[in-house]
Amino acid sequence: MRRSHIAFSVVLALLAFATLAADHARAAVLYAATAAGATGQLYTLNPATGAMLQNIGLLNDVTGTNYPISGLAFHPTTGVLYGSTGNNPAATAARLVTINPATGLVTVVGSFNAGPTNSSGTPATMGDLAFDSAGNLFGVGTIGGPQLYSINIATAQATVIGGTGLTSTTGGGLAISPGGVIYGTPTASRYGTYDGITGAFTNITNPDKPAGGGAYGALAFDGTMLYGMNVGSGSPPPTNLVTIDPTTGAVTNLGSSLPSLDAIAFGPIPEPATWTLLLAPAAFAALRRRR
């Protein structure tokens, strides 16, 4: 009788953990990073309001060098967080990095070597990053027009896929839907889709900008919901977190966020079944100890 009671308690505990895990999975973690002329800093945000939840820390490497981040993306299978560094300062510009989401520690993968440079000789970086479901990484170039690039995550080499016909990047947000559609905000007045084969851009609309102008520096999907970060005009630039209807480009403002944010990404959450499997050995070990 005693053992049956303990076993029943263990089952209840596992069910409670699975329920908590399911609730956790519905509340994916929204990470955000600063660039836009600011020091690189990593945060988590409330996806319902845009308010800061946690200041994780400076985006520094082991030597203390800081990296402003213009794009964030989690690998869909490994869970590794990748970032693209901003064009300023030049010493850390145009690089692919990995980031520890718990501490903000940056590790450089390499330079994009994207080709075009600005008048100061600084090469193009990626305005934003996005993975498809197969783990292929894409980015939008910041110099020479908002062209779509494929990026080798082992070497950081960026290869242009094709021309958009656009000559300058303002914003450069990028996100890929679960169905594989590539959405982008290549300029302040454009929201639309990229062709993953040719790189051609098809405009849908001029999206609303609740931050008071500026452009969309970052896009990210949380499941089927598309989020955007409107980086406004000013010093430091104000930002607003929004949701965007993928089909029409209609914008719903969620709220103002931290200044100078230029990158967002939703962190992967373990499935409830995974949490149960992880917790089961410990629970049954406790059961054996009670016998």
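Where does T44 lie? I looked it up and found T44 in strand β2.

**Ground rules.** I am working on a predicted model, where local features need pLDDT of at least 70, side-chain atom pairs count only at pLDDT 80 or more, and totals for chains, interfaces and linings use all residues. Numbering starts from 1 along each chain as its sequence is written, and side-chain values use heavy atoms, with hydrogens and water left out.

**Whole chain.** I noted two helices and 20 strands. Helices (H or I, at least four residues) and strands (E, at least two) are DSSP runs, numbered from the N terminus. The chain has 291 residues, and 47% of them are buried. Buried means under 20% relative accessible area, exposed over 50%, and partly exposed in between, with a 1.4 Å probe and protein chains only. I put the accessible surface at about 12,900 Å², with 57% of it on carbon and sulfur atoms. That area comes from the Shrake-Rupley method with a 1.4 Å probe; for residues, only the protein chains shown count as cover. I also checked contacts, meaning heavy atoms within 4.5 Å. Of those with a separation of 6 or more, 49% join residues 24 or more positions apart.

I traced an open sheet of four strands, in the order β3-β2-β1-β20, with antiparallel pairing. Its edge strands are β3 (52-58) and β20, each pairing on one side only. The twist averages 25 degrees from one strand to the next. For that angle, axes are lines fitted to C-alpha atoms (for helices over the stretch in contact), and angles run from 0 to 180 degrees between N-to-C directions. Two strands pair if DSSP finds at least two bridges between them.

I went through the pairs in turn:
- β1 and β20 (residues 261-267) share six bridges, and L30 has F266 as its partner.
- β1 and β2 (residues 41-45) share four bridges, and A32 has Y43 as its partner.
- β2 and β3 share five bridges, and T44 stands opposite Q54.

Is T44 buried or exposed? I read a relative accessible area of 7%, so T44 is buried. Beyond residues up to four places away in sequence, T44 touches V29, L30, Y31, A51, M52, L53, Q54 and I56.

Why is strand β1 largely enclosed by the rest of the structure? Five of its six residues (29-34) are buried. I also looked at the β1-β2 hairpin, which has six residues between the strands; there A36 takes a positive phi near 45 degrees.

**Cores.** I then looked for nonpolar cores: sets of buried Ala, Val, Leu, Ile, Met, Phe, Trp, Tyr and Cys residues joined through side-chain atoms within 4.5 Å. The largest has 17 residues, and L96, F112, M126 and I151 have the most contacts inside it. β8 (126-131) and β10 (148-151) each supply at least two of its residues. β8 gives the largest share, three residues. Another core lies apart, with 15 residues, among them I56, V97, I99 and A265.

**A loop threonine.** I found T169 in the loop between β11 (158-162) and β12 (173-176). T169 is buried, at 17% relative accessible area. A polar atom of its side chain lies 2.8 Å from the backbone oxygen of G141. Leaving aside neighbours within four places in sequence, T169 is in contact with G141, T142, G145, P146 and P186.

Terms used
A polar contact is a pair of N or O atoms within 3.5 Å; within protein, one must be able to donate a hydrogen and the other to accept it, and residues adjacent in sequence count only if both atoms are side-chain atoms.
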